[in-house]
Amino acid sequence: MHLIWLRTDLRLHDNTALTAASQRGPVAAIYLITPQQWLAHDDAPCKVDFWLRNLHALSQALGKLNIPLLIRHADTWDQAPGVLSQLCRELKVESVHVNEEYGIHESRRDSAVAQALEAAGVTFHSYLDQLFFQPGSVLTKSGTYFQVFSRFRKVCYTRLHSALPPLVTSPKVQAGLDLQSDAIPNRIEGFEPPSETLRALWPAGEDEARRRLDAFADEQISYYKNERDFPAKPGTSQLSAYLAAGVVSPRQCLHAALQSNQGEFESGDIGTITWINELLWREFYKHILVGYPRVSRHRAFRPETEAVAWRDAPKDLAAWQQARTGLPIIDAAMRQLLETGWMHNRLRMVVAMFLTKNLLIDWREGERFFMRHLIDGDLAANNGGWQWSSSTGTDSAPYFRIFSPLSQSEKFDSEGLFIKHWLPELAALNKKEVHNPEAAGGLFGVADYPRAIVDLKKSRERALAAFRSLPSRQEMAEHD
């Protein structure tokens with residue numbers, strides 16, 4: 001018998017490891033419940049719930065192919081080698097198949113499991129699946145990992161022109177095994193289940209992921225470039241949670257996009273090109289995880305920025321976390337996150353810059369808070385986004401580029417529709433006042449909405465001063 005160990009690849013179709021395992025003979029699937037590891041990685045309760053719901057759907061789909069889905073507990077990844085070795089002995093497993101994952105802890109886990117299994121005579125096979133290109137295969141001329149996205153993308157384009165990653169065939173029905181699927185828990189201790197309202201926003205299963213992908217590619221993708229920055233419009237694909245859990249693959253996304261654009265990714269429909277770029281940003285940040293492991297260790301990508309004098313400001317941090325900053329676009333975005341497990345991408349940048357520049361609070365506080373609430377939380381993308389916004393990361397915004405929450409609000413939510421949806425207490429304000437109720441004076445009686453916790457102009461100057469005083473890379477190298 002052969003085993004597929006499922007992780008962030010909760011799908012039947014276009015699943016490299018699953019297909020490879022099934023081609024060798026009878027196959028069973030295994031999923032490990034690892035609560036302490038999830039807590040250590042700040043995985044959001046709504047994300048854990050989403051995984052469990054997708055496992056239910058996947059178990060039914062696998063059942064139709066006579067592939068049982070087994071559930072085992074390993075509190076942390078340190079226990080994975082022992083739990084999997086034991087299972088392989090019980091079932092007389094010949095080989096275990098996985099799709100590669102890329103954080104430093106994931107790599108260590110897989111090395112330890114491979115070692116334990118191979119010592120027991122079980123072969124361990126890992127496959128490229130959640131990326132188009134193997135990390136380490138897209139490098140600069142001097143053989144290093146790219147640090148600038150546009151150059152990385154250029155090489156990816158060249159590679160895609162010569163060889164588009166094909167979709168993998170799905171496994172076929174196999175003869176029934178004398179092995180029952182395990183019941184999937186509906187909840188895990190330590191992870192409070194989300195509201196039914198939140199669950200309804202994110203139905204589980206491959207059929208839903210495919211429906212969203214098809215609807216986006218058919219109806220919305222052409223408008224993506226023009227509409228993706230406006231949070232009140234349905235301009236994005238709403239696929240990020242499904243991609244993060246592997247309910248849909250990046251290859252499926254790429255093929256659907258290309259199909260809507262006559263096979264082109266550099267010319268033709270500008271919306272499609274822009275969306276494919278987003279798939280390549282996702283790729284870029286995962287390559288960064290492998291090339292620069294320090295970002296998996298909560299370190300700044302740019303070492304000189306470790307010296308930023310971040311403020312210890314618990315009250316300001318709490319006001320940001322609880323959507324009480326007195327800046328409507330920030331508070332509306334944070335309420336969207338708290339209530340839906342998701343935040344519009346433009347607003348992720350706006351709230352991250354506000355925290356790290358206007359409040360001068362360490363980006364790691366924001367990164368952790370996002371991970372604890374995002375249904376699409378993904379280490380590479382979340383870390384990449386936070387370090388970009390805080391000017392500590394790869395290809396990041398220059399430190400003097402600081403988004404003004406007010407101008408972002410006026411530009412991308414000009415009518416105040418997004419703000420009024422999430423902050424109904426501001427519904428009576430007109431479209432000018434809604435961005436900055438304080439400027440309207442006390443006449444409008446928005447008694448239950450707080451005053452701004454920071455002066456935007458002064459705080460901008462404070463951030464510029466903090467970054468200007470940093471040593472340069474050259475100075476740091478001379479001191480080493």
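This is a predicted model: local features need pLDDT of at least 70, side-chain atom pairs count only at pLDDT 80 or more; totals for chains, interfaces and linings use all residues.
Student: Which helices each supply at least two residues of the lining of the largest pocket?
Tutor: The lining of this pocket consists of 37 residues, and Glu278, Trp281, Asn345, Arg348 and Ala381 lie nearest its centre. By class, 18 of the lining residues are nonpolar, 10 are polar and 9 are charged. The helices that each supply at least two residues are α10 (240–244), α12 (270–291), α15 (345–358) and α17 (379–389).

Student: Which residues lie nearest the centre of the second largest pocket?
Tutor: The second largest pocket has a volume of about 790 Å³. Its lining divides into 17 nonpolar, 13 polar and 14 charged residues. Of the 44 residues that line this pocket, those nearest its centre are His41, Asp43, Trp77, Glu106 and Leu379.

Student: How many charged residues does the lining of the largest cavity have?
Tutor: The model has 4 cavities of 30 Å³ or more, and the largest cavity has a volume of about 70 Å³. Its lining includes Tyr285, Ile288, Phe301, Asn383 and Thr394. By class, the lining residues divide into 6 nonpolar and 5 polar, and the number of charged residues is none.

Student: Which element gives the largest share of the lining of the largest cavity?
Tutor: Domain 2 (131–164 + 204–291) and domain 3 (303–473) both contribute to the lining, so the largest cavity lies between them. The largest share of its lining amounts to 4 residues, and the element that gives them is α17.

Student: What is the volume of the second largest cavity?
Tutor: The second largest cavity is lined by Pro45, Val48, Asp49, Leu52, Asn186, Arg187, Ile188, Phe191 and Pro193. This lining has 6 nonpolar, 1 polar and 2 charged residues. The volume of the second largest cavity is about 40 Å³.

Student: Is Ser459 buried or exposed?
Tutor: Ser459 is placed in helix α20 (residues 456–468). Leaving aside neighbours within four places in sequence, Ser459 is in contact with Lys357, Asn358 and Val454. The relative accessible area of Ser459 is 2%. Because a residue under 20% counts as buried, Ser459 is buried.

Key. Residues are numbered from 1 along each chain as its sequence is written. Side-chain values use heavy atoms; hydrogens and water are left out. On a 1 Å grid over the protein atoms alone, a cavity is a set of points where a 1.4 Å probe fits but cannot get out, and a pocket is an open set with protein on both sides within 12 Å along at least five of seven lines; lining residues have an atom within 4 Å of a point. Ala, Val, Leu, Ile, Met, Phe, Trp, Tyr, Cys and Pro count as nonpolar, Asp, Glu, Lys and Arg as charged, and the others, Gly among them, as polar. Grid points are joined across faces, edges and corners, and a volume is the space filled by probe spheres set on the points. Buried means under 20% relative accessible area, exposed over 50%, partly exposed in between (1.4 Å probe, protein chains only). Contact means heavy atoms within 4.5 Å. Domain bounds come from an automatic or database domain assignment.
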